[in-house]
Amino acid sequence: MTMHADLIINMDTILTMDKDLRQLDDHQIVVKDGRIIDLCPQEEKRWTASKTLDGTDCIAIPGLINTHSHLPMSYFRGLADDLPLDIWLREYIWPMEAKTLNSSVIHDAALHGAAEMLKNGITMTHDMYFEMPAIADACTKAGLRALIGEAIISARLAEGQKPGDQLRILRQEYRDNPLVDFNLSPHSIYACLRSDLETSVEVAQELDLLLHIHLSETKEEVQTCLNKRGMRPVQYLKELGMLEIPLLIAHGIWMDESEMDLLVGTRASIASCTDSNLKLASGIAPLKGWTDKGINFAIATDGVASNNDLDILAELGNTARLHKAINEDPSFLPAAEALKHVTINAARALGVEESRGSLEIGKDADICILDHNSLCCQPLYNPYSHIVYAMNGRNVRDVVVGGKIVVQGGKLTQVDEAELIAKAKHYGKRILKELSQ
Ligand SMILES: [Zn+2]
């Protein structure tokens, strides 16, 4: 007897990224009500469905999970490059934001970024910015999942405003939206007062939230913390109680071994943003140290103002190569292991590993389908190898989020790409004009 589903994807190759790293050949992914309900050999013909996708010459992997981004910065791509982080941030990005951003620009820029993420195979992002409803609406429109952090910069808090005030309201307002959720993102230990960091911890504890913070991105940040607090940044987080709650540290480049030891056994993970860190010359994160200590980490894009793209697969390849070289060890971060850092380990970092990060029955149908029928991908001996070392975002053919096909044949299905490009051109001119005044 055949049973009926919403979507069947017939695949040459499925890399499940489950705990046994099972590879399923000539299988189908069966989707109903947004979830994977079966992974079975195509020849069994157990299912019929309203929609079918043909995955001949393709590899299915879990939808990629981006653990650190700033979606609304899309329109700042390429506006200020070749600068160190503190000058880039204080003399360019923050003043540009103050001059040019409002909620409609943020919405449009976030929609641009969300569409670009989907085209790169990303099905969920963890964003940190202001104007959360604008970001939530943009992600919903494009069909991208997003955990959106209420960004806290103490100098920008309104009179009487406390960390978490907006988040409480928005969690209620968007409770029926399956694509978006909200958490708390104190920007950094240098942009937040101690009292705001303490309040953030209290709110995270009360609401059982993941806290998201930039940390140890530059040597200077560590030195300032040592001068001001007499301790290193991770010790300061410990003093604030942040190591007792789920925590996502963005960067963590200049963490020393004593700080890594403090993270062992906690619920902290790290989002490492190789391309952004290289371009700002912030440094190279100690991935080998984290691996040796068993600290969970993921590879993330950061915003396009510092990356300057959202091609997380290309970034994964760069990361694997870089860390083999600096550790003088070509066996470090082998391809299958590397891929975990944008799938299951990234899901774990966001606390969503029960429902995402691998292709398994019962999990959300968040799927990235990569086309290997091209000169750069043939012959194909090992799919993990091609994904990490030969492919990039341009190999993404289809993307499914919660059972909905949001990219098909390389084209966005929910938003008009030409319109997004036209808008970006328009805003580009406007931003230049506003900056010149
Ligand atoms: Zn960032």
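Which residues in H2 meet which residues in H15? Val105, Asp108, Leu111, His112 and Ala115 in H2 meet Glu417, Leu420, Lys423, Ala424 and Tyr427 in H15. Contact here is defined by C-beta atoms, placed from the backbone, that lie within 7 Å. This is a predicted model, in which local features need pLDDT of at least 70, side-chain atom pairs count only at pLDDT 80 or more, and totals for chains, interfaces and linings use all residues. Residues are numbered from 1 along each chain as its sequence is written.

**Helices H2 and H15**

- By class, the contact of H2 with H15 has six nonpolar, one polar and three charged residues. Nonpolar covers Ala, Val, Leu, Ile, Met, Phe, Trp, Tyr, Cys and Pro, charged covers Asp, Glu, Lys and Arg, and polar covers the others, Gly among them.
- H2 spans residues 103–119 and H15 spans residues 417–436; they pack at an angle of about 135°, with axes 10 Å apart. Helices (H or I, at least four residues) and strands (E, at least two) are DSSP runs, numbered from the N terminus. Axes are lines fitted to C-alpha atoms, for helices over the stretch in contact, and angles run from 0 to 180 degrees between N-to-C directions.
- H2 and H15 are therefore oblique to each other. Under 35 degrees counts as roughly parallel, over 145 as roughly antiparallel, 65 to 115 as roughly perpendicular, and the rest as oblique.

**Helix H6**

- Glu221, Val222 and Cys225 are the buried residues of H6 (residues 219–229). A residue is buried if 20 or more other C-beta atoms lie within 10 Å of its own, exposed if 12 or fewer, and partly exposed in between.
- Seen down the axis of H6, the buried residues fall within an arc of 100°, so they line one face of the helix. The arc is that of the directions from the helix axis to the C-beta atoms.
- These buried residues pack against helix H7 (233–239).
- Lys219, Gln223 and Asn227 are exposed on the other side of H6.
- Glycine 230 follows H6 and has a positive phi, near 70°.

- Aspartate 309 sits in the loop between strand S12 (297–299) and helix H11 (312–326). It counts as partly exposed because it has 15 C-beta neighbours inside 10 Å.
- Aspartate 309 and asparagine 120 are 189 residues apart in sequence and 9.7 Å apart in space, C-alpha to C-alpha.
- Glutamate 239 is in helix H7. With 14 other C-beta atoms within 10 Å, glutamate 239 is partly exposed.
- Glutamate 239 and threonine 67 are 172 residues apart along the chain, and their C-alpha atoms are separated by 25 Å.

Terms used. Contact = placed C-beta atoms within 7 Å.
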